[in-house]
Amino acid sequence: MMKKPYYIDFPQEHLEGHQHQYRCADCKVETTTINGLLEGHLPSCLYRLKLEKGGYEATGCTVEPASHDADDFD
Ligand SMILES: [Zn+2]
């Protein structure tokens, strides 16, 4: 299984009424709650599902060396 140290490349949208807060455009969870973790998204989140399909696991946040950067999973 592959892991990314932080999952921050999800689509974000501005949180209405909160100037400096953002949330996932898919599952509507605030970025402060997601905290860079894949499991911070709802299980039904399209972004989370996409990465899980791509072989990323949604548990833990182990930081690995960026030797095999896989940002281009599309
Ligand atoms: Zn999400």
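The model is a predicted one, and its protein chain holds 2 helices and 2 strands, which follow one another from the N terminus in the order β-β-α-α. Of the 74 residues in the protein chain, 18% are buried.

**Contacts and core**

- The largest nonpolar core has 8 residues in all, namely Y7, F10, C24, I34, L38, C45, Y47 and L51.
- As a general background, nonpolar side chains in soluble globular proteins tend to be buried together.
- Leaving aside residues up to four places away in sequence, F10 touches C24, D26 and Y47, and of these partners C24 and Y47 are, like F10 itself, listed in the largest nonpolar core.

**Helix α2**

- Helix α2 spans residues 46-53, and its buried residues are Y47, R48 and L51.
- Viewed down the axis of α2, these buried residues fall within an arc of 95°, and they therefore line one face of the helix.
- Strand β2, which covers residues 22-24, is included in what covers the buried residues of α2.
- Two of the buried residues of α2, Y47 and L51, also belong to the largest nonpolar core.
- Just after α2, the backbone at G55 takes a positive phi of about 100°.

Terms used: Residues numbered from 1 in each chain as written. Predicted model: local features only at pLDDT ≥ 70, side-chain atom pairs only at ≥ 80, totals over all residues. Buried ≥ 20, exposed ≤ 12 C-beta atoms within 10 Å, placed from the backbone. Helix = DSSP H or I, 4+ residues; strand = E, 2+ residues; numbered from the N terminus. Arc of directions from axis to C-beta. Contact = placed C-beta atoms within 7 Å. Core = buried A, V, L, I, M, F, W, Y, C linked by C-beta atoms within 7 Å.
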